[in-house]
Amino acid sequence: MIGVTAESTPLRDATEVADYAHRCFRPAGDRVGVELEFLVFDRADPGAHVPMERTRRALPEELPGGSRVTFEPGGQVELSGPAGPLPDTVARLAADVAVVRDGLRAAGLALGGVGLDPVRPPCRQLGLPRYEAMAEFLGAPYGPLMMCSTASIQVNLDFGRSPAVRWERAHALGPVLLAAFANSPLSGGRPYGWMSGRQDVWNNLDPTRTRPVPVTGDPVADWAAYLLDSRLMLVREDAERYRPVRDGSTFRDWLEGGGGRRPTPDDLAYHATTVFPPVRPRGWLEIRYLDAQHPETWPVCVAVTHALITDDHAGDVAMAAVEPRQGAPYQEEWDRAARCGLADPRLRTAAEACFRAALEALPRLGAGAALTGAVAAFADRHVSTGRSPAAVLIDQAARHPAWLDHHDPDGPTHDHGHEGRA
């Protein structure tokens with residue numbers, strides 16, 4: 001990533017922060033990239049932590065679709081697939097998920113398609129300097145839960161010709177998509193109380209870096225203000241040393257002369273990697289508010305998100321569906337979605353309109369019949385019934401660990417036929 005050097009020229013004032021923010025909104029094409037996180041479980045003992053090295057040994061050296069494999073602090077495995085058109089991205093990443101599942105299955109392990117660990121307490125396995133400083137800054141209990149016990153789907157989208165339009169859609173549609181794909185209702189073996197417990201964990205971290213960016217119609221100004229007013233988490237002294245900042249000071253405070261050396265462009269770029277709003281601009285859109293899904297159904301989440309934000313007709317229909325809710329307080333909308341999922345009648349109604357718009361758009365985006373059919377099946381099972389995946393998990397938890405990657409006669413089956421899969 002971006003380091004700090006003694007030769008770096010200090011920032012003069014907030015106008016340079018605005019210049020940096022402007023570079024985060026680059027007009028581009030219509031590619032989609034996906035990063036999938038999964039918890040890893042021992043099939044014989046789902047309550048036991050799986051050493052990361054055991055997971056690593058079970059993985060193939062190369063994946064056919066070209067995905068990069070990394071690990072999160074608690075041993076969660078992450079697959080980052082190559083960006084491209086929707087059908088190609090899904091096909092390549094689906095092939096890699098299949099290979100990873102097979103390797104883990106042979107080693108007695110399973111991918112957990114859920115956004116928050118349902119049974120195990122957090123246990124950090126990576127002791128890198130950045131994670132040590134992050135853990136000290138965030139504190140317990142939510143810091144360890146976020147770092148070690150959560151998993152998500154991150155959908156990365158080009159800004160197209162109109163970055164401001166996609167930025168607005170990604171935020172306005174966030175509560176509906178969060179509710180539709182809420183999939184983390186359990187923790188410590190009991191109901192968490194929220195359909196997306198993962199989102200609540202993030203809510204309870206530092207709100208200056210995890211709340212949604214306020215959208216005013218000027219995305220550059222919004223992002224610059226967010227960066228300036230978020231607290232400093234840590235300062236990178238060199239490649240091996242990170243200093244936590246515990247005095248509550250913000251980047252704006254540092255820029256205005258708050259102690260020590262003045263911040264440099266490298267410091268600003270690094271600070272931007274330590275703020276985690278639900279939507280983050282990095283030259284592309286990072287959609288960060290989606291719970292991890294079952295290994296068979298994650299393409300539905302990607303396809304719907306991509307269609308509603310990048311297809312103009314679908315986006316207009318979806319925005320009209322959520323418009324009546326925009327009078328509610330901003331954070332309250334996100335909290336309601338995470339707490340209730342599709343049990344909220346207004347969210348369910350909006351989700352039905354959004355899924356219809358996505359289904360109509362997917363053929364224009366190159367999606368084949370199999371992927372479109374999977375979206376329709378998800379809509380029938382979850383959206384039309386007002387039952388987010390989390391509601392199904394709560395029902396199934398009493399019978400067997402439904403979050404494990406295994407054939408579930410009441411859950412997703414292996415015959416969806418996503419592009420790239422038999």
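**Spaces and packing**

Mentor: The largest cavity has a volume of about 100 Å³. Here a cavity is a set of points on a 1 Å grid over the protein atoms alone where a 1.4 Å probe fits but cannot get out, and a volume is the space filled by probe spheres set on the points, joined across faces, edges and corners. This is a predicted model, where local features need pLDDT of at least 70, side-chain atom pairs count only at pLDDT 80 or more, and totals for chains, interfaces and linings use all residues. Residues are numbered from 1 along each chain as its sequence is written, and side-chain values use heavy atoms, leaving out hydrogens and water.

Trainee: What is the volume of the largest pocket?

Mentor: A pocket is an open set of points with protein on both sides within 12 Å along at least five of seven lines. For the largest pocket, the volume is about 1,200 Å³.

Trainee: Which element gives the largest share of the lining of the largest pocket?

Mentor: Lining residues have an atom within 4 Å of a point, and the largest pocket has 41 of them. Elements are DSSP runs numbered from the N terminus: helices (H or I, at least four residues) and strands (E, at least two). The largest share, four residues, comes from helix 4.
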